[in-house]
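Subject: Structure for you to look at

Hello,

I am passing on the structure we spoke about. Please look it over first; my notes on what was found in it follow below.

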Amino acid sequence: PVLPHTGTQGRPYQEGGALYGLGLIHANHGGDKIQYLLEALRNSNKNEVIQHGACLGLGLTAMATGNMEVWAALEQILNEDSAVAGEAAGYAMGLVMVGSGPNDNVDIMLSHAHENIHEKVIRGLSMGIAMICYGKQEEADPLIENLLADKDHIIRYSGIYALAFAYVATSNNDAIKRLLHIAVSDVSDDVRRAAVLALGFVLCNNPHQLPRVVALLSESYNPHVRYGAAMALGIACAGSGMKEVLDLLDPLLKDRTDYVRQGAFIAAAMVLMQQNEAKEPRVATLRKLIQDSMVSKGDTMTKTGAIIAAGILDAGGRNVAISLLSPAGHKKMAAIIGIGLFTQFWYWYPLAHFLSLAFTPTVVIGLNQDLEMPKDFKFESEAAPSLYAYPAPVPLKTEEKKKAVKTVTLSVTAKAKARAKKKGGDVDDINMEDEEKTKTKAEADSEEKKEEKKEEKKEEPKSETLSNPARVTRQQASVVRVIPEQRYSPLKQQLW
């Protein structure tokens, strides 16, 4: 109902958002949706809001297809000289040509970037050029050198992301050296921030090295560098729960600069995805900080980070994790590009939705020869259930109205007080005796309850049986085995 229809005029923001959402749903698997989005772009009546959504949707559905019909339509939008629509067209042109490498299309985009007067358009084109360099490594070096030598800091920013995408998951020493040099030498804070953040992409296949590389950068005097260090740790170490990473992020969560706290919240949530208090006690601390930041007034930047962090922690019903690599170690193009464009929410908040491209379901499913899912197929997790269980739900606060309780005086107590008055005794002694009796009874009740709880608390089993399909977190995968002597047996004994 919210998608645009021919002959009817709807609400531009609603329709533009719907087209963008359609692209996110069918990202990298466009099919017939590419033609639908092309028609929506052509019938937009030059409304830049609808054009913006249609361009992003087109880029997502036609990702890495090299579709020249889509490219021509996007270039036409670029020539209309609209800042809002032109920015989305720049991103989309890069999405369509992801990984195609330096070619004539890059020259056209670079020419537009140098001639255009709108910063938004230049930024969109710059990220588009960077995406074209995806996975090209040395082949992209001449273009990267050209971009990094440009006078315009936005084009140099493009060079940083081109370097990150070209050498993603390679741990290439030359790429790391170049990024570290730019992180401490460039005159633009944006470029320095991007250079530190890009280390997360290059080292995402070897996350244990990253804390040592960015440890000093996380203590830099420049807040942009500290922000970049936090985001790099989040990208490379997502879902790992690494203690050395959390040790570096802890002081950044209390940083004096608001956007550094924002980045630290997002990074900490990435690292602690699918972790619970039994596995990592700092999960509870982070959730408490997130709740406090979300209800606090003012400090909008930190609050935004806390809201995004809350979404990341509970993403997909806590059944997904951020993963840039497959279990076999292969690069996941859509996830890498999605994270790269997610980081651009610094300039344009709607780009935060690109993070969904990096979410991977953490599940094991057994299928038979007819591609049916047998329910009697079982797995065994050789670990205590609490280690990988769902985190406890957030308790909802309910306001309880305090009611005035009337003190009831027993008839026996009243008679005892009357006798004490006649004899000239102290009434307070009687009250004290009653209180002592009440306390003794209450203490006895509490001890009985404690004993009952101890009896109820049983020893936790050291393993658990999982039914097909089963939620299996990334860290749990190493302890999950197929139960032998079942009707069905797996083709490979090693599930991952």
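**Salt bridges**

Lysine 120 has a relative accessible area of 29%, so this residue counts as partly exposed. Please keep in mind that the model is a predicted one. Lysine 120 forms a salt bridge with glutamate 87, and the closest N and O atoms of the two are 3.1 Å apart. The partners come from distant parts of the chain, 33 residues apart: lysine 120 belongs to helix α7 (residues 119–132) and glutamate 87 to helix α5 (residues 83–96). Glutamate 87 is buried, at 2% relative accessibility.

In all, the whole structure holds 18 salt bridges. Another one joins aspartate 141 and arginine 178, with 3.6 Å between the closest N and O atoms. Aspartate 141 sits in helix α8 (residues 141–148) and arginine 178 in helix α10 (residues 173–185), so this pair too links distant parts of the chain, 37 residues apart.

Lysine 243 and glutamate 280 also meet through their side chains, at 2.9 Å from N to O. Lysine 243 is partly exposed at 46% relative accessibility, whereas glutamate 280 is buried at 3%. Both belong to a network of salt bridges that also takes in Asp247, Asp250 and Arg282.

**Overall make-up and core**

The protein has 20 helices and seven strands. Of its 496 residues, 49% count as buried. The largest nonpolar core has 143 residues, and Phe165 and Phe201 have the most contacts inside it. Beyond its neighbours up to four places away in sequence, Phe201 touches residues including Tyr161, Phe165, Ile235 and Ile336. A second, separate core has nine residues, among them Val364 and Phe377.

Helix α11 (residues 189–202) has 14 residues and should span 20 Å at 1.5 Å a residue; the end C-alpha atoms are 20 Å apart, which agrees. The rest of the structure largely encloses α11, because 13 of its 14 residues are buried. At its start, a side-chain oxygen of serine 188 comes to within 3.3 Å of the backbone nitrogen of aspartate 190.

Glutamine 476 is in the loop between β6 (470–471) and β7 (480–482). Its relative accessible area is 2%, so glutamine 476 is buried. Apart from neighbours within four places in sequence, its contacts are Ser381, Tyr388, Glu464, Leu466 and Arg471.

Regards

Key: Residues numbered from 1 in each chain as written. Predicted model: local features only at pLDDT ≥ 70, side-chain atom pairs only at ≥ 80, totals over all residues. Heavy atoms only, no water. Core = buried A, V, L, I, M, F, W, Y, C linked by side-chain atoms within 4.5 Å. Buried < 20%, exposed > 50% of the residue type's maximum accessible area, 1.4 Å probe, protein only. Contact = heavy atoms within 4.5 Å. Helix = DSSP H or I, 4+ residues; strand = E, 2+ residues; numbered from the N terminus. Expected span 1.5 Å × (residues − 1). Polar contact = N/O pair within 3.5 Å; in protein donor to acceptor, adjacent residues only side chain to side chain. Salt bridge = Lys/Arg side-chain N within 4 Å of Asp/Glu carboxyl O.
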